[in-house]
Amino acid sequence: MFAKSDNKIFALLLLFMIASWPSAACSLALHDWKLVFYLKIPVSAPFFPLAELNTVSERMQNSPVSSIVWAASTSWYGRLALSFLPLTGDPAALLPMINVPAGGSMLGLARGHLTPGSAGILLGSDQCSIKIAFFSDRNSAYNCHQLVLLQNSRIRAVQPDPACPWVHESIGQSWLSLIFYQMPIPGRTLSLSMYPVRRSRLSIYEDHQLVENLLSHKLLLRRPDLVVDPYAFDFPELPE
Amino acid sequence: MITCKKFLRLLSFFVVFCPASLFALEFKTVDFERLLRAHPLMKHFDPDSGRFKGTISEIIPVEVMQQRVASLTAQIAARETAKSELARQALNSTIVDEAAIWNSIREHDTAIASLKKQLAAEQELLDQKGVPALTTLFSQTTTLVRDVVRGAAASGSLLINKLPRFRSGLPRPGENDLRRFFFYLDAPRLEKYLQNSGTIGLMFSQTDRPVLFERNGED
């Protein structure tokens, strides 16, 4: 179909495009995670309310939201996490937030704290738990590890918009993941990511050079063509 | 002398019969075309599209995809309206069974989440003009190869076989398939393919002829 010179030009073009295609660091390596340590701890308040903000973010796609009234137990770590969340660029994290004590009726709180038509949203979060999981990668002879902090909580939201009032309930899931080689120190950290931020995973840090070095020395297994990661969240499902 | 004759007879016996029996163990003829045609998945094979009908790799007409997307969107909207009505009742009255209200809301939200997931998948397929990605086809062909080739090759014998030749063009790639191909940074594999492209081309033009299948060969 093509002349020989055309084939060569096409091959060179392909190689150039492949070499210049941007890619995420950890998508290059194929991990086979083995759960080494697991602990589930019930907590009174969410550590990192990413799923809660994601709920507001989704609502903002269909209807304007002016402020958040957050009905949850207050904790120093929750407040600390909240102060960092605007850095993610999520518009929901930039909204003014008022904290009200948790407990009681969410619908009652909505009637008490929100004026109809104010576009404010009442957000409740309870039944929280934190799962701490430590994985080791079989494909790297157990030298590559992943530390996961996964948080589950029941999220309830009410927006008393007179034209179209909105209520929502879901089981929220947020996680932080740290992947490192041998030691969780700078220079050995492959990636740090969080989920969900605007409905997807946000990679905070990725060391592409380190991953490429480990792959070239065959210390990590290169992901073959057309291998689809079976894990929806980059790591195997955690036990209940 | 008698002992020597017996020894020579025994030696002759081994020379004549043993290699033959060994060769019988070493070589085997397998008609992969027959095995492949007998596979249940091949009943769905469509030579025109190079895909399997009624399976995940089947090409769906754009009109059908548009209908599916419209139907899912309508179902989500209906659920949202029902939920909104529940919220209106709950917020306008202080005498409500709040637990029952939240149970209904939970049911609606679970259904909406499931419908949205379906809608995202259908929308993605519609964006690809109803052509599923080649990865769906590869997963099916991998199963075929595993069922047909691995079973025949399990004996460890050298197989003299006839590769099938179907009257089929290349499967139509999906919209994002080329992009996916470029995503993988495996230049050595591409270089290897280009180096062997002449041999591969020859092989594909003569796949109805017997080919020696290497023992313990994985590729």
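Six nonpolar residues, one polar residue and one charged residue make up the lining of the second largest cavity in this structure, which is a predicted model. The lining residues themselves are A:Leu50, A:Leu53, A:Leu85, A:Thr88, A:Asp90, A:Ala93, A:Pro196 and A:Val197. Two elements of chain A, helix H2 (50-62) and strand E7 (189-197), each give two or more residues to that lining. The volume of the second largest cavity is about 30 Å³, and the structure holds two cavities of 30 Å³ or more.

Chain A has a mean pLDDT of 80, with 83% of its residues reaching 70 or more. Over residues 1-25 of chain A, by contrast, the pLDDT is below 50, although this stretch has 29 contacts in the model beyond near neighbours in sequence.

A pair of aromatic rings is described by the distance of the centres and the angle of the planes. Over all chains the count comes to five aromatic pairs. One of these joins A:Trp175 and A:Tyr195, whose rings are stacked, with 5.7 Å centre to centre and 15 degrees between the planes. This pair links distant parts of the chain, for A:Trp175 lies in strand E6 (residues 166-181) of chain A and A:Tyr195 in strand E7 of chain A, 20 residues apart. A:Trp175 counts as buried because its relative accessible area, 1%, is under 20%. A:Tyr195 is likewise buried, because its relative accessibility of 18% also falls under 20%. Together with A:Phe135 and A:Phe235, the residues A:Trp175 and A:Tyr195 form one aromatic cluster.

Is A:Ile130 buried or exposed? With a relative accessibility of 6%, A:Ile130 counts as buried, since that value is under 20%. Leaving aside residues up to four places away in sequence, A:Ile130 touches A:Leu39, A:Lys40, A:Ile41, A:Val43, A:Phe47, A:Phe48, A:Leu150 and A:Gln151. Further along the chain, A:Gln173 is 43 residues apart from A:Ile130, and the C-alpha atoms of A:Ile130 and A:Gln173 are separated by 9.9 Å.

Note on methods: Residues numbered from 1 in each chain as written. Chains lettered and ligands numbered in written order. Predicted model: local features only at pLDDT ≥ 70, side-chain atom pairs only at ≥ 80, totals over all residues. Heavy atoms only, no water. 1 Å grid on protein atoms, 1.4 Å probe; cavity = no way out; pocket = protein on both sides within 12 Å on 5 of 7 lines; lining within 4 Å. Points joined across faces, edges and corners; volume = space filled by probe spheres on them. Helix = DSSP H or I, 4+ residues; strand = E, 2+ residues; numbered from the N terminus. Nonpolar A, V, L, I, M, F, W, Y, C, P; charged D, E, K, R; others polar. Phe/Tyr/Trp six-rings, centres within 6.5 Å; stacked < 30°, edge-to-face > 60°. Buried < 20%, exposed > 50% of the residue type's maximum accessible area, 1.4 Å probe, protein only. pLDDT = per-residue confidence, 0-100. Contact = heavy atoms within 4.5 Å.
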